[in-house]
Amino acid sequence: MKDRACTQSAADDRKPRSAAAASAKPAKPAQARSTRLARWRAIVLILVHVLIAAHITHWLVAGETLTPVEPSEAMAFSQHSIINAGLVFFAAMILLTAVFGRFFCGWACHVVALQDWCRHLMLKIGITPRPLRSRVLMWVPTLAFLYMFIWPLVYRLWIGDDLSVRGTEFVTEHFWATFPGWIVGGLTLLICGFASVYFLGAKGFCTYGCPYGAAFAAVDRIAPMRIRVTDACMQCGQCTAVCSSNVRVHEEVRDYKMVVSPGCMKCQDCVSACPTQALYYGFGPIPLMVQPPKPRSERAPAPIRWREELLLAVVFALSFWILRGLYGAIPFLMSIGAAGVLAYLSLQCWRLWRLPSVERPGLRLKRDGKLLPHGRIFVAACALLLAFLAHSAVLQWRQGEADRQYEALEAARQSLLAAPEQALADSTRLAARAALDAVLAADDWGLFPILGHAARRAWLLSLAGADPTAAIEAALAGDERPFEMLQLRAHRALQSGQGAIAEAAWREVIALRPDLPQPHLALGLHLARRGDYTLAAEVFESGLAAVPDSALLAYNAGLARAMRGQMDAAIAGFETALRIHPEYLEARENLGGALAAVGRYDEAAAMFQQAIAQSPEDPATRVLLARVHLARGDAPAARAEIEAALRLAPEHPEAKAIQASLPD
């Protein structure tokens, strides 16, 4: 839980704890001011940004660099069991937080730096951000953390996926792949910085949006290193005044002898500002070992009533659903920050309607039942926002329908990339046309171009059998799925009889992204159909070296070697495919054939028997096994397999021919 909501002023009217403090008159709460440690923290945060800039520069110059040192990168483990620098960093910070408390957020987070800078600018112009102190929205970071990091693991367990580590990725050529563009990034900082601070309070995004902060806040409760107090405390309130994390420091040290709020980011501004040096950062009992000084029934009432909390929750949920992925541009964290701001605005509108006087820092909206000029502007702006959200809700509904139809064609898209010369089924063409109509309907409704739709149009035109050239070029110009678009360009070139252009496009993709299996498959199959089996095998094998978990590449490498009569290499390819995908029936059948071709009949028979166990209704495999039995000189076994094949397919010509050749 976050720090307790309280409506008391910073100066507390209860008696101080020490005798010296008892004889002193409580001081008036001081105004927030800069402290010595605040300046040091600003320097540290600037150095953090310098390191970030150096990391990006190294990637731009060297072409590859350390994977992003970002907690969000730990999702690669939740989703794919990949260990990277982000996971190691996040785990290390959580372990350190268990000892030293939530220090990372205060001293090294670039988003906290942005929020502190925004707060500093507001204080300069006389605006002091007020914390919202919502009991409901404080659960948003925890839910976001569960969704990002825990839910993928639960889902993978549910579908029977293996959670064991599949590999490491500490160096990358695609540093920016998981980050938004500059425009969206700028809007994210604007919303998660200025807007969240002004409307939700100092460090508003940390309190009501940050999923990583949820992990740090939970672990902070067992940290023995915390802000603590001596008997020199006079309850002057200076510590609370300078705290930029909305912690009521003077009350917590009075009640608990330490700061227990997990919102405390160990900035230590309170320590630096204490006029009696009563506060210190040190070792001692943990919050889980202390009891609240008052029962719940005697605590101060919360500043937000439950019906207002319900309003905040409903508006937040609706806004998040509407905004996430809107126009293909708004990312997860930005939608959380914007939804929090919109929830607050809805609360203000509710209070404007219900209360006689309402004001915000720097703005007087309503007084004595009369809407003031700032209030009229506020209401007009909220009305425009409501209209935009309503329009966006319809767009999201249309977009959702387009998404469902597009995603249903995933198998067809992958098949087209891997085998571009394969004919498309009529059902695929019809489904692609329907999906294209849904995408175009969403485009027509949107106020702005929807990112990613040029690439979708190119895909759907290709699957529908229409000319996708213009859409492909538009997608490439907008940097939408460039590697897929290059492969679609190759597909279009093949349709036009321009094999050389198609081959050049595939080689370009392979040079840029050797880790993609589809261009290797498509180029290799094209070469094999042309009769260049050696070149095809080399393409498949080089692809397998870059994508070692691709059973398709291993299988096709085996086929290409078999077509050249290189049976030992073919056997190695088929065995690799089966090692990657043990249920790969075609690989098992071809391995049996290759083993038989080199005279390893017992092993070939075993392979075919396993294939029959996988597909007992396939007469062709039984015929192949019968041939192996004949080669071994086991006519009775061959006859039994032929009879079984003829029961499945009485007119099977090859089975009938073998039956006729068998001795009575």
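Predicted model: local features only at pLDDT ≥ 70, side-chain atom pairs only at ≥ 80, totals over all residues.
A disulfide is taken here as a pair of cysteine sulfur atoms within 2.5 Å, and by this rule the count in the structure comes to zero. The largest nonpolar core has 70 residues, and a second, separate core has 45 residues.

**Cysteines**

- Cys243 takes part in no disulfide, since the nearest cysteine sulfur, that of Cys270, lies 6.5 Å away and the rule requires a pair of sulfur atoms within 2.5 Å.
- Cys243 counts as buried, its relative accessibility being 18%.
- Cys267 is likewise in no disulfide, and the cysteine sulfur nearest to Cys267 is that of Cys243, at 7.1 Å.
- With a relative accessible area of 7%, Cys267 is buried.

**Nonpolar cores**

- Within the largest nonpolar core, which numbers 70 residues, the members that touch the most other members are Phe90, Leu132, Leu137 and Leu345.
- Helix α15 supplies the largest share of this core, contributing twelve residues.
- In soluble globular proteins, nonpolar side chains tend to be buried together.
- When neighbours within four places in sequence are left aside, Phe90 is in contact with Pro71, Ala74, Phe145, Phe149, Tyr212, Ala215 and Phe216; of these partners, Phe145 and Phe149 belong to the α7 side of the helix pair described next, and Tyr212 and Ala215 to the α10 side.

**Packing of α7 against α10**

- Helix α7, residues 140–158, packs with helix α10, residues 211–220, at an angle of about 105°, and the two axes are 7 Å apart.
- Because angles from 65 to 115 degrees count as roughly perpendicular, α7 is described as roughly perpendicular to α10.
- On the α7 side the contact involves Pro141, Thr142, Ala144, Phe145, Met148 and Phe149, which meet Pro211, Tyr212, Ala214 and Ala215 in α10.
- Sorted by class, the residues in this contact are nine nonpolar and one polar, with no charged residues.

- Lys257 has a phi near 65°, which is a positive value in a residue other than glycine.
- Lys257 sits in the loop between α12 (249–256) and α13 (269–273), where Lys257 is partly exposed, with a relative accessible area of 34%.
- Tyr327 also has a positive phi, of about 60°, although Tyr327 is not a glycine.
- The loop that holds Tyr327 runs between α14 (306–323) and α15 (332–354), and Tyr327 is buried, with a relative accessible area of 8%.

**Glu641 in α30**

- Glu641 lies in helix α30, which spans residues 635–648, and counts as buried at 15% relative accessibility.
- Apart from neighbours within four places in sequence, the contacts of Glu641 are with Ile612, Arg622, Leu625, Ala626 and His629.

**Ala441 and its separation from Leu595**

- Ala441 is placed in helix α18, residues 426–445, and is partly exposed, with a relative accessible area of 24%.
- Between Ala441 and Leu595 there are 154 residues of separation in sequence and 55 Å in space, taken from C-alpha to C-alpha.

Note on methods
Residues numbered from 1 in each chain as written. Heavy atoms only, no water. Axes fitted to C-alpha atoms, helices over the stretch in contact; angles between N-to-C directions. Helix = DSSP H or I, 4+ residues; strand = E, 2+ residues; numbered from the N terminus. Parallel < 35°, antiparallel > 145°, perpendicular 65-115°, else oblique. Contact = heavy atoms within 4.5 Å. Nonpolar A, V, L, I, M, F, W, Y, C, P; charged D, E, K, R; others polar. Buried < 20%, exposed > 50% of the residue type's maximum accessible area, 1.4 Å probe, protein only. Core = buried A, V, L, I, M, F, W, Y, C linked by side-chain atoms within 4.5 Å.
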